[in-house]
Amino acid sequence: MCVSLTHISLAQNSPQDYVDAHNAFRAEVGVGPINWNDTVAAYAQKYAEQRIADCQMDHSMGPYGENLAEGYGQLDGADAVKFWASEKPHYDFDSNSCVGDECLHYTQIVWSTSVHVGCGRVKCKNGWLFVICNYDPPGNIEVRSIRQLELFAMDNPSLKVRNSYTSAEKAPDKVSEVEETAESIATNSAAVKGEADHNYTAMQGF
């Protein structure tokens with residue numbers, strides 16, 4: 001997921017600043033703390049540096065969960081986390097879904113099995129600031145499963161596909177069984193792909 005904002009603030013860009021900002025929102029919903037990971041952070045910073053030339057809000061499509069933000073002025077890391085978390089009102093706990101607007105930046109922040117975070121920040125050539133946080137393990141498991149199911153179906157059009165995943169961290173024992181023919185999935189791939197690609201590596205829910 002990616003967002004843009006214009007904001008001016010005091011710099012809060014240390015690893016501890018990122019961690020504290022995340023854990024404040026995780027504590028609100030009783031989720032355990034997230035910890036800084038240097039390997040994940042190196043990945044995030046390396047990708048951020050690839051965006052210096054254009055500041056494009058394109059996802060890295062790597063192995064981690066991912067949140068992106070950009071802003072003009074003095075956008076610091078803690079501000080980016082707070083901005084992602086501002087989506088909280090759009091998350092409906094009972095249905096474990098976004099209602100009324102996007103919420104997947106927020107759900108990645110509080111996804112309980114994402115226990116490592118690493119972030120990067122650069123100033124682009126256009127003067128804007130680009131912030132990225134990556135999460136390990138990635139959240140939004142259901143969305144990722146849908147994407148994997150679709151890709152498998154397109155590669156194996158004659159097979160029937162069965163996929164299982166937990167529907168939400170709030171009910172880990174509740175397993176949803178998804179069984180569809182590959183032909184049906186391929187027929188509807190445009191709709192599924194649009195949703196799955198939008199959420200694939202970015203935000204995730206608890």
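C98 and C103 are joined by a disulfide, with their sulfur atoms 2.0 Å apart; a disulfide here is a pair of cysteine sulfur atoms within 2.5 Å. This is a predicted model, in which local features need pLDDT of at least 70, side-chain atom pairs count only at pLDDT 80 or more, and totals for chains, interfaces and linings use all residues. Residues are numbered from 1 along each chain as its sequence is written, and side-chain values use heavy atoms, with hydrogens and water left out.

Back to that bond: the torsion about the S-S bond of C98 and C103 is about -80 degrees, so this disulfide is left-handed. C98 is partly exposed at 30% relative accessibility, while C103 is buried at 1% (buried means under 20% relative accessible area, exposed over 50%, partly exposed in between, using a 1.4 Å probe and protein chains only).

Next up, C55 bonds to C124, sulfur to sulfur 2.1 Å. The torsion here is about 70 degrees, so the disulfide is right-handed. C55 sits in the loop between α2 (38-50) and β3 (65-73) and C124 in the loop between β6 (116-123) and β7 (129-136), so the pair ties together parts 69 residues apart in sequence. Helices (H or I, at least four residues) and strands (E, at least two) are DSSP runs, numbered from the N terminus. C55 is buried at 4%, and C124 is buried at 4% too.

Then there is C119 with C133, their sulfurs 2.1 Å apart. A torsion of about 105 degrees makes this disulfide right-handed. The pair links distant parts of the chain, with C119 in strand β6 and C133 in strand β7, 14 residues apart. C119 is buried at 6%, and C133 is buried at 0%.
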